[in-house]
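Trainee: Could we go through this model together, one question at a time?

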Amino acid sequence: MCGVLALIYPNGISPSSKQLERIVDRMAHRGPDGTGVKIDGEVGFAHRRLAIIDIVGAVQPMALLNGIKITFNGEIYNFRELRSVLIGLGHSFKYDSDTEVLLHAAEQWGPDCLSRLEGMFAIVVDDPTRGIVWAARDRMGQKPLFSFNKSFFRDIERGFVSELKCILPERNCNRVISPNGVARFLAYDFVPDSDGFFVGVQKVAPGELWIVDRDNPLIEPIRKKWYKLPFGRVEKLNEKQAMEQLDEQLDVAVQRCMVSDVPLGVFLSGGIDSSLIAAYACRHVEPSSLKTFSIGFDNPDFDESIHAQKVANHLGTKHYNLIVDSSDLLDIVPNILAAQDEPLADPSIIPTAILSRFAREEVTVALGGDGGDELFLGYPTFIAEKLLRSFRWVPNVAFSFMAELAYKYIPSGSGHYPWDYKLKRLLLGAGEPLPDRHQIWIGGAAPKLVREILLQPPDDDIFTPSQEIWKGTSGDDFERLSAVYARTYLAAGVLQKVDRASMLYGLETRSPMLESNFVEVAAQCSNSLRINGLQTKVALRNLASTMLPASIIKRPKKGFGIPLSDWLREPLSDWMNDILSVERINRQGVVSSSVVSRLIKEHNKHSHDHGKILWNLISMSVYLDSHGG
């Protein structure tokens, strides 16, 4: 991948090339192959490049003679088809590059070019011929793009950047913490795309376009959706048609994602999603030449490497497996937490970073299976939703009462989300409306605890981001839930986790299941192809039935877990007590130190499993020490 930076300065002030270089060089890990700066009037662009296509040419920022220029992070998989169209319209090209094609597409069609693109991207275009600067993010949010104004960074009127932490060290950066951003981080485990952790910061949302008036950048940008998720908006296919289309479109998506001028491999966990990606990849290359990567743990409760090896043996890939122990995972924790653009509390970022570092020794691009759980209802929360329908007659107050009893009398177990934890969270959320209960089931702190622990309450409802997506999506409950998960848990959580972990080591990751045609067909599948009884991801299991071992197809979802709650009791106890000490928490001034101390005591006594919320607080505390005001 690459790192992009675009700063629009006040009228009459020319950007400083030294400042642009200084900022963009802070994300050299995203683009170790080169750097570039271009300035035109008050608009300054900078770029760090990880060369994937046309390694020698196609440097960025790239510009045309008429002044249109681009800084771009991502891959446009259909760039050769688009280039043919543009040649027919009179354009000429110097390179075999998706960046150059994208630049000419922006010249030809302006922001309307977005609907023609297949791929993952974060784009900023300076178009003086139209008098605008515009920025956009891909349909599913695979690549990050932060937006900020002068209330965050006083030097400029408006800015866009791949990594927010590049701006944070600047002298005129105002790091004023947003109460909404903090509250939602604690509840969601990440800061949703509708918010920023700091005042004056937001994200360009997935499928969103921002248009800035080039001559009057103080005017609020025009923001509009250039892509809407298809859930509830498309006609259903019958089962035979759906399976044929899924097979065809996933095959096309994987083939497109394999276009690369540098070594490419596949992340292989042994789960059904990544195994399917590897199986389809083997249709397009000799299997023995395809490199697959997994990591295993010395703790058998968390080790899935045996399943990954079984898939690799079945397909005949060249498999690389790394066995790590708790010390390997723990050693990387401080670097991972300190390297975040905003607090991110998904602990699976730790093994993801180790896997990325391991794979980067052999390849520059890795394909993964992200998206399958959101498109085909793969999380246990969807099973919980189905089970709950049998108990609609139970009053909501009864669920609350049962949750209180469970937390009071059932001691906390050990391991990765033990049964008592799942039961307590189920009861805690069961009485809440859709979609709120799903966020309670899958997220961090429940709203009551968030309000109790914060020193400054949020301005509005904590779950407003999910509620707005729910209200804006048609279809039945499961279709609307797919949209909510895709726009929150996937886009702002999973995909950003993978992007940050992989880009820390200059590794590009690609997700074929998030390509638009495959997403469209997934939305055309009936719910019986997504969840049937207690079986999730039915369609994906059907696809896998002729390609993978039966033991892989029948496996329940496990996830990329670590024994977080146990670690926080030992061996991370001393470190946690330091990071969450009363003195440190009081100095940071964001949460109540007395509530934090109570949570630690309850967790250590095994009366409660506060592993998730404690990890959120640890992540935020480390972040505040590294980047706070």
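Mentor: We can begin with a helix: Leu 329, Leu 330, Ile 332, Val 333, Ile 336 and Leu 337 are the buried residues of α8, where buried means under 20% relative accessible area with a 1.4 Å probe, protein chains only. This is a predicted model, in which local features need pLDDT of at least 70, side-chain atom pairs count only at pLDDT 80 or more, and totals for chains, interfaces and linings use all residues. Residues are numbered from 1 along each chain as its sequence is written, and side-chain values use heavy atoms, with hydrogens and water left out.

Trainee: At which residue does helix α8 bend?

Mentor: Helices here are DSSP runs of H or I with at least four residues, strands are runs of E with at least two, and both are numbered from the N terminus. Helix α8 covers residues 326–338, and Pro 334 follows the bend within four residues. The bend is the angle between axes fitted to the seven residues ending at a position and the seven starting there; in α8 it is about 35°, at Ile 332.

Trainee: Which strands are included in what covers the buried residues of α8?

Mentor: Contact means heavy atoms within 4.5 Å. The cover includes the helices α9 (349–360), α21 (564–569), α22 (573–579) and α25 (611–627), together with the strands β14 (291–297) and β15 (318–324).

Trainee: In the open sheet of six strands, which are the edge strands?

Mentor: That sheet has antiparallel pairing and the order β4-β5-β6-β7-β11-β12. Pairing on one side only, the edge strands are β4 (62–63) and β12 (222–225).

Trainee: What percentage of the residues of the protein chain count as buried?

Mentor: The protein chain holds 25 helices and 19 strands. Along its principal axes, its C-alpha trace spans about 70 × 60 × 45 Å. Of its 629 residues, the share that count as buried is 64%.

Conventions: Two strands pair if DSSP finds at least two bridges between them. Buried means under 20% relative accessible area, exposed over 50%, partly exposed in between (1.4 Å probe, protein chains only).
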